[in-house]
Amino acid sequence: MDIAPAHLEYWLRDYYFTAEIDISCSGVESFSFGELRQLFNITPDDLDSIVLRDSRTLGAPDLRTAIGNRFGNGKTERVMATNGSSEAIYLIMNSLLEPGDEVVVLDPAYQQLFSIAESVGCRLKHWRLRFEDSFHPDLAEARRLIGPETRMIVVNFPHNPTGASLTPEEQDELIDLAAGAGAYLVWDAAFAELTYDSPVLPDPGTRYDRSITLGTLSKAYGLPGLRVGWCLAAPEVLERLVRLRDYTTLALSPLVEHVATRAIENGDLLVQPRLAQARHNLELLVSWANRHSEFVQLVRPQGGVSVFMRVPGVVDIEDFCRQLADEYGVLLVPGTSFGDPGYVRVGFGCSTTELTTALSRLSEHFHTYKPLVTEFHQTASSA
Ligand SMILES: Cc1ncc(COP(=O)(O)O)c(C=O)c1O
């Protein structure tokens, strides 16, 4: 299998476990198991009664019901629980695509959303999000890219890493485009509940049967280590995914399913405090960026907890981020992980104390980092 190395994962393997402060993440601050036990009143007896036998292929019935009720139309036959949404992406791309298929993907994007299709031998068409347009997705461009040849459209809104999103009307338009082409619409809703000024967008599956919606507990729920995601799709599609799953992970762990069910049933207890923290942190980050306009430019995100910050003066973004991690203990993601070396992804889902400390160290790094290009300073400060 010829598949591109997942750049972001290589970067995180180098630093995620050693950096003192992580402002690289695309998710909110993580919860401990003790916090979950308290919040959901999970007793030792609850845990003791879980028998660690094999679970069901599509997920435990209670978990599928909880997912269907909170994220779908309540119909459990459309729900498959997966080991993180990564597994769902892997199964979808490898089950539904064939060499030569045309796939329209957002660019930049989380690499899994396009590299697996590429490894299958698909032809990719890029729906570009541009800083100059405030990363706003241009539906006219989507209209030009999507046609009768399109087998699959892969989008993620609110978007990692830019925080861009669609209005409900634009979402409708995209669904109409997918329906017109008869294409699968893969709707990655990893950050669905993390929105600031706009409504949470609905599952497109309620309108279009060939849509496949992905979700996860890793981002808005602060539970990336639980490794629980899901896929909402027509039963015939899930059937195709099962064929491949039988050769990979088979199912989830009953212990994990138990905790995940409680987390989803009580979702607001996890999401609301973290969203409030992120909202507050976002204001701090925007104000920091305004005070550092000679170094950075930032588009205010509509959702998610990351921004794709432009750093026009930095020649080698990986060198810049490595020095920041090595000398200041602060972890960022270089834009090269998203194919754009002029940017860094900054995550603001962490605690406010961590963000404040990290930004002050980042400030120092900008002022002392030697290989900065000077023209940008002159242009920016004279603008
Ligand atoms: C847009 C997007 N989709 C899916 C995933 C996969 O997350 P997980 O496998 O933890 O659910 C990520 C992780 O960063 C992501 O950013």
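Reply: What follows is a discussion of a predicted model, taken topic by topic.

Me: With which residues is Cys-231 in contact, leaving aside its neighbours within four places in sequence?

Reply: Its partners come from several parts of the chain. Arg-78, Val-79, Met-80, Ala-88 and Ile-92 are among them. Cys-231 is also in contact with Ile-212, Thr-213 and Leu-214, as well as with Leu-238 and Leu-241.

Me: I turn now to the ligand. How many residues surround the ligand, and which are the closest?

Reply: The ligand is surrounded by 14 residues, the closest being Ser-86, Asp-188, Thr-216, Ser-218 and Lys-219. A side-chain N or O atom of Ser-86 lies 2.3 Å from an oxygen atom of the ligand. For Asn-160 the corresponding separation from a ligand oxygen is 2.7 Å, and for Arg-227 it is 2.8 Å. The protein covers 95% of the 390 Å² of accessible area that the ligand has on its own.

Me: Asn-160 raises a further matter. Which residue does a cis peptide bond join to Asn-160?

Reply: The bond between Asn-160 and Pro-161 is cis, with omega about 15°. Another cis peptide bond joins Phe-157 and Pro-158, where omega is about -15°. Pro-158 lies in the loop between strand 5 (150–156) and helix 8 (168–181), and Pro-161 is likewise placed in the loop between strand 5 and helix 8.

Me: Is Phe-135 buried or exposed?

Reply: The answer rests on relative accessible area: under 20% counts as buried, and over 50% as exposed. Phe-135 has 3% and is therefore buried. Ser-134 has 46%, so it is classed as partly exposed.

Me: May we apply the idea of burial to a whole strand? How many residues of strand 3 are buried?

Reply: One examines both faces of the strand in turn. Glu-102, Val-104 and Leu-106 on one side are all buried, as are Val-103, Val-105 and Asp-107 on the other. Six of the six residues of strand 3 are buried, so the strand is largely enclosed by the rest of the structure. Strand 3 pairs with strand 4 in the parallel sense over six bridges, and Glu-102 stands opposite Arg-123 in strand 4.

Me: With which side chain does the side chain of Asp-107 make a polar contact?

Reply: Its partner is the side chain of Arg-128, at 3.2 Å. Not counting residues up to four places away in sequence, Asp-107 touches His-126, Trp-127, Arg-128 and Leu-129.

Me: What is the strand order of the open sheet of three strands?

Reply: The order is 9-12-11, with antiparallel pairing. Strand 9 (306–310) and strand 11 (333–334) are the edge strands, each pairing on one side only. Two bridges join strand 11 to strand 12, residues 343–347, and Pro-334 has Val-344 as its bridge partner in strand 12.

Me: Finally, which residues are in contact with Tyr-15, leaving aside its neighbours within four places in sequence?

Reply: They are Arg-322, Ala-325, Asp-326 and Leu-331. Tyr-15 is in helix 1, residues 7–15, and its relative accessibility is 8%, so it counts as buried. The C-alpha atoms of Tyr-15 and Leu-332 are separated by 9.3 Å, although these residues are 317 residues apart along the chain.

Definitions and conventions:
Residues are numbered from 1 along each chain as its sequence is written. This is a predicted model: local features need pLDDT of at least 70, side-chain atom pairs count only at pLDDT 80 or more; totals for chains, interfaces and linings use all residues. Side-chain values use heavy atoms; hydrogens and water are left out. Contact means heavy atoms within 4.5 Å. A residue is near a molecule or strand if one of its heavy atoms lies within 4 Å of it. A polar contact is a pair of N or O atoms within 3.5 Å; within protein, one must be able to donate a hydrogen and the other to accept it, and residues adjacent in sequence count only if both atoms are side-chain atoms. Accessible areas come from the Shrake-Rupley method with a 1.4 Å probe; for residues, only the protein chains shown count as cover. Two strands pair if DSSP finds at least two bridges between them. Helices (H or I, at least four residues) and strands (E, at least two) are DSSP runs, numbered from the N terminus. Buried means under 20% relative accessible area, exposed over 50%, partly exposed in between (1.4 Å probe, protein chains only).
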